[in-house]
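Student: Can we go through this model together? I'd like to see where the labels come from.

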Amino acid sequence: MEKTHNDDTDSLKDKQKRVRAKLAKLNKIFKSIPDNRKTVVADLINNVAFIAVELEDLQELIQTRGMVEKYQNGETQWGYKPSSAAQVYNATLKSYNTSIKLLLAELDGNDNQNQVGLALKKFISN
């Protein structure tokens with residue numbers, strides 16, 4: 001069945017809702033850091049929420065289609081290569097990990113560092 005405009009709109013709305021949910025969790029985790037530091041990491045927090053949802057979607061795609069895909073160049077040259085979804089997943093995961101490290105670095109000097117760090121670890125594992 002071919003996707004319709006409404007399917008795409010519903011999918012986008014669902015994705016935006018999921019990003020907002022992740023963002024709410026992250027904002028709750030980082031609510032105790034000083035306001036001047038929140039300002040610095042606000043865009044990073046938004047990106048982590050977005051990337052987290054994208055990674056979930058890519059994981060689902062990889063689960064259904066696999067990590068490799070068959071290719072054919074001409075009549076006799078064929079084989080397997082990492083799927084496009086797997087390649088995008090790996091690149092996105094690197095960005096996510098880098099962003100998480102930056103967020104963790106923002107916890108340095110925070111009085112509630114242990115609690116915030118534990119909450120962030122819980123967010124990562126969900």
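Student: What share of the 126 residues in the chain is buried?

Tutor: Buried residues make up 28% of them, where buried means under 20% relative accessible area, exposed over 50% and partly exposed in between, using a 1.4 Å probe and protein chains only. Bear in mind that this is a predicted model: local features need pLDDT of at least 70, side-chain atom pairs count only at pLDDT 80 or more, and totals for chains, interfaces and linings use all residues. Residues are numbered from 1 along each chain as its sequence is written, and side-chain values use heavy atoms, with hydrogens and water left out.

Student: Why is S99 called buried?

Tutor: Its relative accessible area is 9%, so S99 falls in the buried class. S99 is found in helix α3, a helix being a DSSP run of H or I with at least four residues, numbered from the N terminus.

Student: Which residues is S99 in contact with, leaving aside neighbours within four places in sequence?

Tutor: L44 and V48; contact means heavy atoms within 4.5 Å.

Student: What makes α2 and α3 roughly antiparallel?

Tutor: The axes of α2 (residues 35–65) and α3 (residues 84–106) cross at roughly 150 degrees and come within 9 Å. Angles over 145 degrees count as roughly antiparallel, and α2 and α3 are therefore given that label.

Student: Which kinds of residue form the contact of α2 with α3?

Tutor: The contact divides into 21 nonpolar, four polar and two charged residues. Ala, Val, Leu, Ile, Met, Phe, Trp, Tyr, Cys and Pro count as nonpolar, Asp, Glu, Lys and Arg as charged, and the others, Gly among them, as polar.

Terms used. Axes fitted to C-alpha atoms, helices over the stretch in contact; angles between N-to-C directions. Helix = DSSP H or I, 4+ residues; strand = E, 2+ residues; numbered from the N terminus. Parallel < 35°, antiparallel > 145°, perpendicular 65-115°, else oblique.
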